[in-house]
Amino acid sequence: MIIAVALNENHTEALVDEHFGRCAWFCIYDSENRKTEYIENTNRYTEEGAGCSSAKTLMQYGIQIAIAMRFGVKVVEFFRKNNIQMVIPETQKNLEEILKMINN
Amino acid sequence: MSRTKKHRLVQKAPNFSGFKPFGVQKVNDAEISLNFEEYEAVKLCDYELLTHAEASVLMNVSRPTFTRVYESARRKIAKAFVEASAICFEGGKVVFDTLWYKCDNCKITFTISEGKLQECPLCHSTEKIANI
């Protein structure tokens, strides 16, 4: 299973970002071979549709779950159509804690 | 008899139930109830910065209806501000577009894709799941 996490920095102690479309980095995590890959979010400063264009980029990686603190309406619609699960942590967590929860 | 209202689509209910004024000597007892559709209208317009036309499509109502809902929301918020009364989110003719679930174990909120097992995506437990 491939999981995308929206992050504010590109290391394991980075916090999950407040907003999906406007985060600085995405972490693509493959739970089968336990590999992480960081990709920079190039759409973060676009005025409109930042979430949708980053969602489309992430779709190319074949993600099944997306994690962020908040998703915009257009992204919710887009992910729902493409059957991708959205996960919102209730408290601020860092990447390490998230990965630990996935692996347990 | 007036025509029945159309259901308004709402993406996600707020995860808190309202606002209270602070620093007032006499709290106004009258609570103002802001419907979920009005909350959604303010969110789409002023938070997500959509136009009324775009927002009305997302809520599955006509553009004039959306503007009416939004206007009523603004008036209610202004009333609460000026009269120092509490706002609570309740009621309204709404249907939820996306179903959100909660896992007690992981303390997360998540969606479930169609035709999938109802389990938490992180801990895979099927027991401690609540529909919100």
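Colleague: Which residue is the bridge partner of Ile32(B) in strand 4 of chain B?

Modeller: This is a predicted model, and in it Ile32(B) has Ile87(B) of strand 4 of chain B as its bridge partner.

Colleague: What makes strand 3 and strand 4 of chain B a pair?

Modeller: Two strands pair if DSSP finds at least two bridges between them. Strand 3 of chain B is joined to strand 4 (residues 85-89) of chain B by 4 bridges, and these two strands run parallel, so by that rule they count as paired.

Colleague: Why are some strands of the sheet in chain B called edge strands?

Modeller: The sheet is open and holds 3 strands in the order 2-4-3, with mixed pairing. Strand 2 (18-19) and strand 3 (28-34) of chain B each pair on one side only, and they are the edge strands.

Colleague: How do you know whether chain B is compact or spread out?

Modeller: Chain B has 3 helices and 8 strands, in the pattern β-β-β-α-α-α-β-β-β-β-β along the sequence. Its radius of gyration is 18 Å, whereas the globule rule gives 14 Å for 132 residues; the value is well over the rule, so chain B is more spread out than a compact globule. The C-alpha trace of chain B spans about 50 × 40 × 35 Å along its principal axes. Chain B is also divided into domain 1 (1-97) and domain 2 (99-132), and the C-alpha centres of these two domains of chain B lie 28 Å apart.

Colleague: And what does the globule rule say of chain A?

Modeller: Chain A comes to 3 helices and 5 strands, which follow one another from the N terminus as β-β-β-α-β-α-β-α. The radius of gyration of chain A is 12 Å, close to the 13 Å that the rule gives for 104 residues, so chain A is as compact as a globular protein of that length. Its C-alpha trace spans about 35 × 25 × 25 Å along the principal axes.

Colleague: What share of the residues in each chain is called buried?

Modeller: A residue counts as buried if 20 or more other C-beta atoms lie within 10 Å of its own. By that cut-off, 39% of the 104 residues in chain A are buried, while 25% of the 132 residues of chain B are.

Colleague: How do you know which residues belong to the contact between the two chains?

Modeller: Residues are in contact if their C-beta atoms lie within 7 Å, and the contact takes 16 residues from chain A and 17 residues from chain B. On the side of chain A that touches chain B, strand 5 of chain A gives the largest share, with 5 residues. By class, that side of chain A has 9 nonpolar, 5 polar and 2 charged residues.

Colleague: What joins strand 5 of chain A to strand 7 of chain B?

Modeller: There are 3 bridges between strand 5 of chain A and strand 7 (residues 108-111) of chain B, and the two run antiparallel. One of the bridge partners in strand 7 of chain B is Phe110(B), which is set against Val87(A). Since the pairing rule asks for at least two bridges, the 3 found here are enough for these strands to count as a pair.

Colleague: Where in chain B is confidence lowest, and where is it highest?

Modeller: Confidence is lowest in strand 8 (residues 129-131) of chain B, at a mean of 65, and highest in helix 3 (residues 63-83) of chain B, at 94. The mean pLDDT of chain B is 84, and 92% of its residues reach 70 or more. Where pLDDT is low, the predicted coordinates should not be read in detail.

Terms used: Residues numbered from 1 in each chain as written. Chains lettered and ligands numbered in written order. Predicted model: local features only at pLDDT ≥ 70, side-chain atom pairs only at ≥ 80, totals over all residues. Nonpolar A, V, L, I, M, F, W, Y, C, P; charged D, E, K, R; others polar. Domains from an automatic or database assignment. Rg over C-alpha atoms; globule rule 2.2 N^0.38 Å. Buried ≥ 20, exposed ≤ 12 C-beta atoms within 10 Å, placed from the backbone. pLDDT = per-residue confidence, 0-100.
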